[in-house]
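Biologist: Please take a close look at the disulfide and its surroundings. Walk me through that one part.

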Amino acid sequence: QVQLVESGGGLVQVGGSLRLSCAASGSIYSINTMAMGWYRQAPGKQRELVASITTGGSTSYADSVKGRFTISRNNANNTVYLQMNSLKPEDTAVYYCRGYSTIYGYNYWGQGTQVTVSS
């Protein structure tokens, strides 16, 4: 079993920055074999993928955040980060961390952290 705990959300003004963290605990073997992703869900909208990072460090981003958000992982401390710059009101959402592996059948979610961008 793996537990994911997000932190770093909050209220920020337009153009500001936040860094979200996702700390993983549990089976270290499982953590190191998982790709990690950040998702978000705004009120009345479906959850969407924001950014993801493979076990090897390859990254991908939603078009809406390219050039503004950066995902990274530190396998030594089992933490994944999402650096968010130039924040916009439309970035307001609950942000969720996900750890997954299609090979091993893992699929874990954190509880979410609220990000609110005020204009």
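Modeller: Buried means under 20% relative accessible area, exposed over 50%, and partly exposed in between, using a 1.4 Å probe and protein chains only. Cys97 is buried by that rule, because its relative accessible area is 0%. Cys22 is buried too, at 0% relative accessibility.

This is a predicted model, where local features need pLDDT of at least 70, side-chain atom pairs count only at pLDDT 80 or more, and totals for chains, interfaces and linings use all residues. Residues are numbered from 1 along each chain as its sequence is written, and side-chain values use heavy atoms, without hydrogens or water.

Searching the whole structure turns up 1 disulfide (a pair of cysteine sulfur atoms within 2.5 Å). Cys22 and Cys97 form it, with 2.1 Å from S to S. The link is left-handed, at -80 degrees about the S-S bond. Cys22 sits in strand S3 and Cys97 in strand S9 (residues 93-101), so the bond ties together parts 75 residues apart in sequence. Strands here are DSSP runs of E, at least two residues long, numbered from the N terminus.

An open sheet of 4 strands runs S1-S3-S8-S7, with antiparallel pairing. Strands pair if DSSP finds at least two bridges between them. S1 (2-7) and S7 (69-74) are the edge strands. S3 and S8 (residues 79-84) share 6 bridges. Within that pairing, Ser21 stands opposite Tyr81.
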